[in-house]
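Dear colleague,

Please find below the structure that I am handing over to you. My notes on it follow directly after.

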Amino acid sequence: MGDINRNPDRDWLKQRLMGASLCIVLVFSLLLLRLVYLQMIKGEEYRRLSQTNCVRLKSIKSSRGLIYDRSNTLLVDNRPAFDLSIVLEDAKPVKETVAHLSGLTGEPQDELMASIKKAGRSAFYKPLVLKRDISRDLLAMVESHQFDLPGVYIDIEPTRHYIYEKTAAHLLGYLGEINREELQSGKYPNVKTGDSIGRYGVEKSFEPFLQGKRGGRQVEVDVNGRVIKVLKTVDPVPGKDLYLTLDLKLQQRAEELLAGKDGAVVVLDPSNGDVLVMASTPSFDQNDFIGGISSKKWRALMDDPGRPMNNKAIQAEYPPASTYKIITAMAGLEEKVIDRSSTFFCPGFYKFGNRRYHCWNRHGHGELDVVGAIERSCDVFFYRTGEELGVDKLAQYANGAGLGRLTGIRLAHERDGLIPTAAWKKKRFKESWQAGETLSISIGQGFNLVTPLQMAVFIAAVGNGGTLYRPRIVKAVRDYRGKMVKEIEPEITGGLPVSPENLALVRKGMLKVVHGSRGTARRIRLKDITIAGKTGTAQVFSRKAGEKFDNKKLGRTLQDHAWFVCYAPAENPKVAVSVMIEHGEHGSSAAAPVAGELIRSYLGAPDPAMAMLSEHGKDQQE
Amino acid sequence: MFDRRLIENFDWGFLGVIILICAAGMMILYSAVTAGADGAVLHGLFKKQAVWMGAGFFIILVSLVVDFRELGKLHLFFYVLCVGLLVSTYLFGKVGGGSQRWLVLGPIRMQPSELMKISLIISLAAVYAGSVSQEGLGFRNLIKPATLCLIPFGLIVNQPDLGTGLLLLLIAGTITLFVKVQKKVILTFTGVGLPIVPLVWFFGLKDYQKGRILTFLDPDRDPLGAGYHIIQSKIAIGSGMLTGKGFLKGTQNALNFLPEQHTDFILSVLAEEWGFAGCVVLLLLYFVLLFWGLNIAYNCRNMFGSILAFGITAMIFWQIFINIGMVMGLMPVVGVPLPLISYGGSSVVTNMVGFGILLNISMRKFTSS
């Protein structure tokens with residue numbers, strides 16, 4: 001060794017470099033041979049191909065997956081749209097052709113030229129879309145003048161079609177053209193400029209399934225752009241179909257009932273978390289988004305004070321109001337602050353320090369136990385229970401019941417609500433928690449915020465014995481041949497933190513809300529179906545203690561929100577319903593009837609008159 | 001401060017070859033960006049490339065002042081700096097085409113993986129210079145270099161940029177083989193390596209990467225994507241025939257049939273417009289460049305310098321081979337630019353730094369350690 005480490009040994013180095021030189025010579029010979037092959041041997045053929053420039057690429061768009069409801073009714077499909085396109089190389093002279101086209105179609109020549117200019121340099125051989133989704137008349141016109149319009153083609157593209165316009169618009173969602181950043185992100189390998197992707201709702205969250213795979217053809221064309229020979233074809237792969245848990249009929253009924261009001265309805269199957277209904281009003285028509293929504297329509301949607309683009313079932317947060325008393329009752333019983341026999345006297349107010357907290361019933365409810373307090377929604381009973389529990393204990397039970405956290409539904413933009421704790425207030429406002437605030441919390445006012453979906457999941461759990469499910473909107477994904485691609489199983493996300501005995505007490509109170517002689521929702525009673533529920537009236541703005549407003553005199557936007565949550569039949573629930581009507585004033589008058597009507601139409605209880613006519617009607621419908 | 005001998009020993013011939021290739025590159029690039037419609041907009045690329053080339057020559061000039069042996073002493077510093085830059089692409093990097101490869105510093109967009117190549121070559125040369133022996137490197141000698149390679153390799157592959165990552169391994173492997181490895185080591189690595197191939201295939205590669213390899217083996221698999229590009233590239237090259245269609249007269253190029261015609265596929269522009277003759281001239285220039293590089297390695301009286309010169313030559317060699325092979329349909333489509341011809345600042349600068357080092361070694365060839 002020695003010398004070799006520092007100063008290279010000439011012979012050693014020569015020997016190593018000879019090997020390297022040999023490699024270079026070999027590789028360059030290979031490249032040279034390849035050049036000879038391509039340019040000399042096959043040169044003539046390639047020269048011919050390049051002169052006619054006749055190898056074109058035609059992309060074939062795939063169709064997007066279809067969407068069905070739970071009983072396999074088609075909700076969203078694709079229809080053919082006719083796009084007017086041009087291949088500049090074949091359309092010579094371009095100016096004359098475009099002028100002619102403009103004369104035929106009435107489209108301004110400048111606009112047609114503008115889209116050609118925009119495409120720039122890459123556009124010579126690619127079909128360039130001039131106008132999307134043209135009418136049948138225009139189509140016939142262009143077809144009949146095919147000879148005077150060289151290079152002008154009609155492309156047939158599958159386009160989204162929402163069969164029941166507006167129905168479940170928030171849940172189904174809509175599409176939008178992909179933008180440059182998204183294209184560059186590499187997340188959409190099968191999508192090209194001008195294609196649409198899911199922008200909202202199921203269309204967005206299940207995009208990877210719904211999206212198909214483009215196909216295409218390599219074709220040889222003649223000087224007039226006519227296809228002479230198809231060299232290679234790759235068939236497009238259609239997207240996968242979705243089978244929702246949604247019940248179309250019930251959804252339509254819910255939307256009818258909500259018509260003219262701002263609000264949301266969620267109906268779940270308590271046995272598995274299936275979303276049977278998710279309605280939010282006002283709504284919008286997804287078909288407006290096809291081929292790009294006009295800026296006028298978009299503005300109108302954005303400016304609407306009813307926020308039609310918001311899915312209020314998951315995106316809007318409201319104080320839970322008296323529906324929250326179920327939580328307070330559960331927490332009180334579990335923490336042994338109250339038991340089944342403890343009673344309080346409600347004189348119409350509760351004295352706390354030197355302040356009086358009023359009950360909604362100023363005359364007082366008298367002596368009440370927990371069941372009676374739920375039935376009649378007595379504030380005083382829950383002020384006292386809440387006060388002894390404290391805000392953090394209440395929050396612990398609310399969280400345990402799924403409030404203040406995402407339900408995990410597979411939809412974007414879900415909000416998590418808010419369940420306040422002393423620590424939260426310290427962090428948020430740098431102030432300590434006041435015991436008086438706990439009183440507001442315990443009847444669901446104050447900082448509490450929940451979404452209608454959270455309440456539905458919670459009430460479904462009360463109904464099914466305590467199991468919290470992740471709301472499921474898609475049951476199955478199948479390919480276009482009907483082969484199962486993915487089955488989405490019900491998913492348990494937790495359990496109510498309450499013993500069966502205590503839950504039974506709460507359920508008893510809720511049954512009495514509808515079926516008790518003084519229940520707050522007794523008006524929605526049905527003949528054959530038992531309903532257990534809870535009303536709620538959420539203050540839109542906070543009032544000073546003791547202040548009394550006449551709701552009728554307030555502007556509509558200051559009126560209270562109306563809640564009703566319930567499940568039915570009470571003994572063995574098949575549905576859980578959460579209804580929120582913004583500014584509906586009272587849960588009992590605005591929200592509960594909606595729930596009652598939905599339960600009636602779903603569980604098939606006949607109208608009272610019909611019931612008398614047909615005794616076995618119920619069996620038939622089930 | 002400048003030794004007179006250094007100027008006397010300056011390798012004008014080598015610089016001449018570089019200038020010739022650069023000139024050819026600018027000419028082809030001009031063709032690639034101005035032919036066809038809308039030339040004015042793309043002219044900017046030509047000017048930018050001219051600026052990069054100018055910067056490159058400036059870097060060469062400046063780098064000559066410092067003795068190349070200083071690089072060996074500072075190799076770890078450069079190495080850590082480049083790895084640091086790679087790491088910071090994760091933190092501050094700009095996402096382009098789905099991967100984080102670029103760092104943006106004011107007006108400059110740089111790709112640290114490019115500089116990493118040079119830095120790794122320097123480090124390997126420094127390490128191997130101390131462990132060269134007649135019988136070759138043993139297992140123990142390879143631990144350190146392997147570590148030096150795998151860190152940046154992992155970082156680059158994660159960007160993800162498998163092409164550059166593999167190029168890095170290819171260069172490092174070439175240098176290692178050049179330094180000589182014991183037979184038993186080579187046999188062991190082949191024995192262990194071959195069974196790993198299917199594992200990498202099934203677990204290591206992303207679907208699109210597998211797709212590229214499959215498409216190369218069977219171009220009909222993806223006739224609309226890479227398959228189509230290769231067809232158009234072959235048409236462009238083949239249609240050039242013996243003498244080409246003439247400067248700025250390439251129809252395939254002008255009509256924008258070629259994807260990336262100013263970067264990775266630029267050779268097809270040359271082949272179309274200047275034909276077989278033009279290609280042979282370029283290949284000849286490259287051939288001379290590579291042998292000149294090997295000659296510099298041979299003439300250097302310093303082991304570090306020899307290995308370094310060889311490593312840089314190897315880097316240039318692989319880029320030429322992979323790029324031309326790809327454009328002519330001999331290799332899968334991977335994004336490797338053609339040295340001094342393809343448009344791209346990072347690539348120009350990296351190669352120029354490499355040439356600067358070669359010139360540096362060349363003019364100090366008689367200064368042994």
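Predicted model: local features only at pLDDT ≥ 70, side-chain atom pairs only at ≥ 80, totals over all residues.

Residues are numbered from 1 along each chain as its sequence is written, chains are lettered from A and ligands numbered from 1 in the order in which they are written, and side-chain values use heavy atoms, without hydrogens and water.

The model scores ipTM 0.90 and pTM 0.65.

Strand S22 of chain A (residues 561-568) is largely enclosed by the rest of the structure, because eight of its eight residues are buried (under 20% relative accessible area, 1.4 Å probe, protein chains only). Strands are DSSP runs of E, at least two residues long, numbered from the N terminus. S22(A) runs antiparallel to S21(A), residues 532-538, and seven bridges join them; two strands pair if DSSP finds at least two bridges between them. S22(A) also pairs with S23(A), residues 575-581, in the antiparallel sense over seven bridges, and these two form a hairpin with six residues between them.

A:Arg356 places its charged end over the ring of A:Phe349, 3.7 Å from the ring centre. The criterion is NZ of Lys or CZ of Arg within 6 Å of the ring centre and within 35 degrees of the ring normal.

Yours sincerely

Note on methods: Buried < 20%, exposed > 50% of the residue type's maximum accessible area, 1.4 Å probe, protein only. Helix = DSSP H or I, 4+ residues; strand = E, 2+ residues; numbered from the N terminus.
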